[in-house]
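Dear colleague,

Please find below the structure for your records. The findings follow directly after it.

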Amino acid sequence: MLLDFTKHFVAVPTEFKFRNNTGCSWKVTVKLMNGRVTLGQGWATYVAVHQIKIGYMVMFKLLTPDTLKVIIFDDDGIEVVNKCGKHDEAFATKD
């Protein structure tokens with residue numbers, strides 16, 4: 001993620017809730033590393049569960065100070081709609 005993203009915060013949260021286009025939520029840890037905001041624990045599982053592939057574009061929109069809407073586009077630019085399915089309960093959030 002771009003470091004410019006941090007201008008929206010007094011302090012960057014250590015965890016964000018990702019909300020997708022069907023309302024499902026997911027926890028992902030965040031940290032500043034080498035001048036960049038990096039996604040940590042929960043991100044690899046999110047990518048696997050949502051089948052994000054090389055060439056896909058992932059867009060993040062800040063909804064609240066700790067919640068980001070995540071919109072995924074495939075390599076043809078078509079929005080990917082993921083229904084909530086079984087995934088690692090350690091990272092899923094309850095709304």
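From the N terminus on, the elements run β-β-β-α-β-β-β, that is, one helix and six strands. Helices (H or I, at least four residues) and strands (E, at least two) are DSSP runs, numbered from the N terminus. This is a predicted model, in which local features need pLDDT of at least 70 and side-chain atom pairs count only at pLDDT 80 or more, while totals for chains, interfaces and linings use all residues. Residues are numbered from 1 along each chain as its sequence is written, and side-chain values use heavy atoms, with hydrogens and water left out.

Of the 95 residues in the chain, 33% are buried (buried means under 20% relative accessible area, exposed over 50%, partly exposed in between; 1.4 Å probe, protein chains only). Among contacts (heavy atoms within 4.5 Å) with a separation of 6 or more, 48% are between residues 24 or more positions apart.

Strand E1 (15-19) takes part in two pairings, where pairing requires that DSSP finds at least two bridges between the strands. E1 is antiparallel to E2 (residues 25-33) over five bridges, and Lys 17 has Lys 27 as its bridge partner in E2. The two strands form a hairpin with five residues between them, and Gly 23 in the turn has a positive phi of about 90°.

Not counting residues up to four places away in sequence, Phe 16 touches residues including Phe 5, Trp 26, Val 28, Leu 62 and Leu 68.

Ser 25, in E2, is buried at 5% relative accessibility. The side chains of Ser 25 and Arg 19 are joined by a polar contact of 3.3 Å (a pair of N or O atoms within 3.5 Å; within protein, one must be able to donate a hydrogen and the other to accept it, and residues adjacent in sequence count only if both atoms are side-chain atoms).

Yours sincerely
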